[in-house]
Amino acid sequence: MQNLWLELQEKVFIANLKRNKWILRRDIRRFVGHNIKGTCVTESGILAAAHLGGPGSVRKYFRSGKITKDGNGTKITSYMQRFSGYDLYL
């Protein structure tokens, strides 16, 4: 039963990544490869920030420079830095 739960959880996670990638597709094309205030912007970093802080907070950051925090008080730019440069197979 636990294997089924893990498989379902993984499918939902991938579906959410794909959804966030679609929502942020223009921002990904525009900002990947740039360095913004010391943060190297990568697709994996953007998607990690969107997963943990919401795609709206990532958009707000790119549009206005306002850095938002998730429910734990972690800045979305921290997620961008920490998860930068991972290979994605989406």
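Which residues do ring pairs link into a cluster? Phe31, Tyr61 and Phe62. The legends below start from the whole model and return to these rings.

The model is predicted, so local features need pLDDT of at least 70 and side-chain atom pairs count only at pLDDT 80 or more, while totals for chains, interfaces and linings use all residues. Residues are numbered from 1 along each chain as its sequence is written, and side-chain values use heavy atoms, with hydrogens and water left out.

**Figure 1. Overview of the fold.**
The protein has five helices and two strands. From the N terminus, the order is α-α-β-β-α-α-α. Helices (H or I, at least four residues) and strands (E, at least two) are DSSP runs, numbered from the N terminus. The C-alpha atoms fill a box of roughly 45 × 25 × 20 Å along the principal axes. Of the 90 residues, 31% count as buried. Buried means under 20% relative accessible area, exposed over 50%, and partly exposed in between (1.4 Å probe, protein chains only). Among contacts between residues at least 6 apart in sequence, 56% join residues at least 24 apart. A contact means heavy atoms within 4.5 Å. The protein exposes about 6,200 Å², and carbon and sulfur atoms supply 53% of that area. Accessible areas come from the Shrake-Rupley method with a 1.4 Å probe; for residues, only the protein chains shown count as cover.

**Figure 2. Helix α3 and its cover.**
Helix α3 spans residues 43-53. Its buried residues are Ser44, Gly45, Ile46, Leu47, Ala48, Ala49 and Ala50. The cover over them includes α1 (2-23), α2 (25-31), α4 (55-64) and α5 (76-82). Just after α3, Gly54 takes a positive phi of about 95°.

**Figure 3. The largest nonpolar core.**
In soluble globular proteins, nonpolar side chains tend to be buried together. A nonpolar core here is a set of buried Ala, Val, Leu, Ile, Met, Phe, Trp, Tyr and Cys residues joined through side-chain atoms within 4.5 Å. The largest one holds 16 residues, and Leu24, Ile46, Ala49, Val58, Phe62 and Met80 touch the most other members. Helices α1, α2, α3, α4 and α5 each supply at least two residues of this core. The largest share, four residues, comes from α3. Leaving aside neighbours within four places in sequence, Leu24 is in contact with Ile46, Ala50, Pro55, Val58 and Arg59.

**Figure 4. Aromatic pairs.**
The structure holds three aromatic pairs. Phe31 and Phe62 are stacked, at 4.2 Å centre to centre with 5° between the planes. This pair links distant parts of the chain: Phe31 is in α2, Phe62 is in α4, and they are 31 residues apart. Both Phe31 and Phe62 are buried. The rings of Phe83 and Tyr86 have centres 6.2 Å apart and planes at 40°, so this pair is tilted. Rings of Phe, Tyr and Trp (its six-membered ring) pair if their centres lie within 6.5 Å; planes under 30 degrees apart count as stacked, over 60 as edge-to-face and the rest as tilted. Phe83 is partly exposed, at 29% relative accessibility. Tyr86 is exposed, at 52%.

**Figure 5. Arg25 over Trp22.**
The charged end of Arg25 sits over the ring of Trp22, 4.1 Å from the ring centre. The criterion is NZ of Lys or CZ of Arg within 6 Å of the ring centre and within 35 degrees of the ring normal.

**Figure 6. Lys37 between the strands.**
Lys37 lies in the loop between β1 (35-36) and β2 (39-40). Its phi is near 50°, a positive value in a residue other than glycine. At 68% relative accessibility, Lys37 counts as exposed.

**Figure 7. Thr68 and Lys60.**
Thr68 lies in the loop between α4 and α5. Thr68 counts as buried, at 14% relative accessibility. Not counting residues up to four places away in sequence, Thr68 touches Ser57, Lys60, Thr74, Lys75 and Ile76. Lys60 lies in helix α4. Lys60 is partly exposed, with a relative accessible area of 39%.
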